[in-house]
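Hi,

Here is the structure I promised to pass on to you.

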Amino acid sequence: MRTFLPAFLIFFSGYTAISQDFTNKGKDFWIGYGNHIRMFNSGVAERMELYFTSDVNTTGQVTIAGIGFSQPFSVVANQITTMSIPRSAALMQEGIYNLGIHVTSQKAIVVYSFIYVNAISGATLCLPTSTLGREYYSVNYTQESNEPNSFSYFFAVATDTGTTTLEILPTQTSIQGRPAGVPFFLNLSQGQVFQYLSQIDLTGSSIRSINSGAGCKKISVFSGSGKISIGCLNPGTSDNLYQQMYPTSTWGKTYITVPSINSGLTSQNNYLRIFKSNPTAIVKVNGGIILPGSFINGQYCDLPMSNTPNLVESDLPVMVAQYFSTQGCSGNSGVGDPEMIFLNPVEQTVNNVTLNSMQPIVNTAITEHFINVVIKNSPTALNTFKIDGNAYGVSFLSHPYIPGYAYAQIPVSRGTHTISCDTPFNAIAYGFGIAESYGYSAGTNLKDLYQFISIHNDYSTVNFPAGCKNSPFRFSMTFPYQPTNIQWKFGTALNGMGLI
């Protein structure tokens, strides 16, 4: 009988990524209090709230070193815990702040952040520190608003100890006069935040941590708008945008999109923005190639508004953002307002998520809540898909451009919901009120899709990377870039086992 040894025991000392959880559940998060129009203009001040949920009971702590804030919290399984963040933590201007919001917990939790006041609301799913990366691109939208001092923004939080060096290449001049197209560098300590503001759409701005070698530093990056109108000939009612960015290493090649609905339960016209970090990428929508000249600066293009599902495919990694329009614009009726959601590719799916259909404490008019789901079009998937233990298989329709998948647009009540299925899925959660909205990815995997180790063993009959004792094997590593030097280091591995 052959003896198989797991690959990570064979060749990498302390290598634990194989067993690491790369979903949006985690025990450590770095967040920021993003820009909002009420930080500049008169009116009732905006609020920021964090929402914590989990499938287990646990406790945690929120700290903001720059203002001496430290507050514990507890979570009851499948319930929501809400915490208000002091406005003194708000990122009101361009510059560096010691205002990183650090969330830690004893057991894995899901975290959402919500910045809102009256009818100006924006929410985001928050990503654990373990899933963060070093390279990001800001994705925003054409900056138009019905109020002055409405800015396009991005900000980065230093999450590691020591010094994190940022290289920032903005696509537009900042409100403080930093020029477009000219890179600049900043050094941040753990918990420090740099925010960049512009009166013009900042999509395409590059934000990178450039520490090298043993000093590799992860960063947490958010983008959005203090207030924005989408889909009107003239700026109509507007809303803030606030989303945490996905690192480029987690972008995929296939995205299946589903339009929003509201109380009328008919599909709304939405907009899609496709962003490619490599200008040579060949992108297709519903089977047709998008001409390279359609991409602004070779980076991104906006698809015409659509109220039907779409299929976006690329030969290289891309990111896709979905946008809801201003109320009463783009042929949409009923309540709602602008929102931006970063979609997950079919390569990054989950089979169990607990989410929050937003239930803020005060000053919001949101009354309708929905979940869009994309799943494989198979009996196993459809028959085991449940929300809060209730089956929804009959709610799904076959996707018109990829019949191997099905989609559903499901109304839900406010509060906590648990989605489960034997087959992995993608989902977004969103809601509307009079001239108001929120939306975010309901849950995601954030595996590095383009840097991994492969094992090649002619004698292996198991479905995981392994090597046979006393038999030769070959291994390789895939990178998302062309390395200038590779060093293989073998040593004592887990449990004292070395190279066999």
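This is a predicted model: local features need pLDDT of at least 70, side-chain atom pairs count only at pLDDT 80 or more; totals for chains, interfaces and linings use all residues.

Let me start with the sulfur atoms. The structure holds one disulfide, formed by Cys232 and Cys329 with their sulfur atoms 1.6 Å apart. The link is right-handed, with 60° about the S-S bond. It joins distant parts of the chain, 97 residues apart: Cys232 sits in the loop between strand E16 (219–228) and strand E17 (239–244), while Cys329 belongs to the loop between strand E23 (310–324) and strand E24 (339–342). Both Cys232 and Cys329 are buried.

Two other cysteines may interest you as well. Cys126 counts as buried because its relative accessibility is 0%, where the cut-off is under 20%. Cys301 has a relative accessible area of 3%, so Cys301 is buried too.

Now to the cores. The largest nonpolar core has 89 residues, and the members that touch the most others are Ile274, Ile375, Phe385, Phe425 and Tyr440. Strand E31 (residues 415–433) gives this core its largest share, eight residues.

Apart from neighbours within four places in sequence, the contacts of Tyr440 include Tyr112, Leu125, Gln243, Ile341, Met358 and Ile428. There is also a second, separate core of 33 residues, with Met39, Phe73, Ala90 and Val111 among them.

Conventions
Residues are numbered from 1 along each chain as its sequence is written. Side-chain values use heavy atoms; hydrogens and water are left out. A disulfide is a pair of cysteine sulfur atoms within 2.5 Å. Helices (H or I, at least four residues) and strands (E, at least two) are DSSP runs, numbered from the N terminus. Buried means under 20% relative accessible area, exposed over 50%, partly exposed in between (1.4 Å probe, protein chains only). A nonpolar core is a set of buried Ala, Val, Leu, Ile, Met, Phe, Trp, Tyr and Cys residues joined through side-chain atoms within 4.5 Å. Contact means heavy atoms within 4.5 Å.
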